[in-house]
Amino acid sequence: MGKYIGFSFLLIFLLFFLPFLWGEPAKSPPPDPPATDESAAQPPPEPQVRLDAGSTLNVLAGGQLQAMDMETYLLGVVRAEMPASFELEALKAQAVAARTYTLHKICGGGSSNHPEADACDDISCCQAFRTREEAAQLWGENAQAYEEKIRLAVTETDGECILYEGRPVLAVFHSSSSGATQDASAVWSSSVPYLQSVQTPESGETVPNYHTTAQFSAAELKNRLQEALPEAKLDGRASNWFTNIRQQPNGTVTSLSVGGVAVSGTQLRGILDLRSACFTISFDGDAVLFSVTGYGHGVGMSQYGANVLAAGGMSYRDILAWYYTGTAVGTYQRT
């Protein structure tokens, strides 16, 4: 019995006092501190300054002179000038062309039609312009998606323009052409190195109202022509009024004689409000018919052609290089 009691005291001694003989028991090391999030410790990146947002224009729109930045102006132009349903790369090409056209006019001293403004919304002078509210009414249920798409086209090409020898070009554009665009000299009697005739891929399958017909009675046509060309001799049958018709391979009329007066196809297009100068003339009894292909003056970028190229995988920069010969896309700072 005494042996058991002695053994019990020995166990108690070992359990309670032995640790103190060896010193303080080792403690578990504190857990490692969390790794420092270096990105969180860094100051936030500086917001990217958009060039268009920092460029102010005076725009004559809706009959009122308005101050707006280039970004706001370009949004209005792209909304008005190109269908929002087009490919994004085509819309980007349109945004760059619109920006370039505006800078070209500003660098050239602006327009004598509105010396107080850098641009206006008259398409016979500058470019069309449409507010967000006006566009939303036309777009209906697609308004939000289309607005975001056009905003992308403008912001993702921020500050970019088409340059020739370091200067913004006269970046004219039109709706559609018949197989090839026009050399500037064929339309405006002045050659421009970057506005050459190039092939363009749109067709009746990709362009609505690609082929149209303008019909006039002989009497109505005579009045229109006589008012614009008072020296023209328009006697007898209407089929005898048009002679010496010269056309390009794609059907665009370069020149013809109307009642003995030499005019260009572009001039006749303007007199009769034809959609383009690519036309043929036919006669049906008292009616005179002009069968027209395409829409616009035909110089520079074809918008529907750009959309076809974009749908085929071409980037906006390549589209612009296609239509504006010998140019490059870059930024240009106004001085």
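In what sense do β7 and strand β12 pair, and over how many bridges? The pairing of β7 with β12, residues 287-293, is antiparallel and runs over seven bridges. Before I go on, the ground rules. This is a predicted model, in which local features need pLDDT of at least 70 and side-chain atom pairs count only at pLDDT 80 or more, while totals for chains, interfaces and linings use all residues. Residues are numbered from 1 along each chain as its sequence is written, and side-chain values use heavy atoms, with hydrogens and water left out.

Two terms are needed at once. Helices (H or I, at least four residues) and strands (E, at least two) are DSSP runs, numbered from the N terminus. Two strands pair if DSSP finds at least two bridges between them.

Back to β7 and β12. Ser217 has Ala287 in β12 as its bridge partner. Both strands belong to an open sheet of three strands, ordered β7-β12-β11, with antiparallel pairing. At the edges are β7 (211-217) and β11 (279-284), each of which pairs on one side only. On average, neighbouring strands of this sheet are turned by 20° against each other, direction ignored. For angles, axes are lines fitted to C-alpha atoms, for helices over the stretch in contact, and the values run from 0 to 180 degrees between N-to-C directions. Contact here means heavy atoms within 4.5 Å. Helix α8, residues 218-228, lies across β7 and β12 and runs at about 95° to β7.

Next, the hairpins. Strand β1 (residues 56-61) and strand β2 (residues 64-69) run antiparallel and are joined by six bridges. Leu60 stands opposite Leu65 in β2. The hairpin of β1 and β2 has two residues between the strands, and Gly62 there takes a positive phi near 60°.

Arg246 has Ser255 in β9 as its bridge partner. Five residues lie between β8 and β9 in their hairpin, and Gly251 in the turn has a positive phi of about 100°. Strand β9 also pairs with β10 (residues 261-264), in the antiparallel sense and over four bridges. For Leu256, the bridge partner in β10 is Val263. The hairpin of β9 and β10 has two residues between the strands, with Gly259 at a positive phi near 60°.

Is Gln94 buried or exposed? Gln94 counts as buried, at 0% relative accessibility. The scale is relative accessible area: buried means under 20%, exposed over 50%, and partly exposed in between, with a 1.4 Å probe and protein chains only. Gln94 lies in helix α4, residues 88-107. Leaving aside neighbours within four places in sequence, Gln94 is in contact with Val78, Glu81, Met82, Phe173, Met301 and Gln303. From Gln94 to Ile319 the separation is 225 residues in sequence and 9.9 Å in space, C-alpha to C-alpha.

With neighbours within four places in sequence left aside, the contacts of Ser175 are Tyr295, Ser302, Gln303 and Tyr304.

Last, the rings. Rings of Phe, Tyr and Trp (its six-membered ring) pair if their centres lie within 6.5 Å; planes under 30 degrees apart count as stacked, over 60 as edge-to-face and the rest as tilted. The whole structure holds seven aromatic pairs. One of them is Phe86 with Tyr304, edge-to-face, at 5.0 Å centre to centre and 75° between the planes. Phe86 sits in the loop between α3 (70-81) and α4, and Tyr304 in helix α10 (residues 303-311), so this pair ties together parts that are 218 residues apart in sequence. Phe86 and Tyr304 are both buried.

Phe279 and Phe290 form another edge-to-face pair, 5.8 Å centre to centre with 70° between the planes. Phe279 is in strand β11 and Phe290 in strand β12, eleven residues apart. Phe279 is buried at 3% relative accessibility, and Phe290 is buried at 0%. Ring pairs link Phe216, Phe242, Phe279 and Phe290 into a cluster.

The charged end of Arg275 sits over the ring of Tyr295, 3.9 Å from its centre. The criterion is NZ of Lys or CZ of Arg within 6 Å of the ring centre and within 35 degrees of the ring normal.
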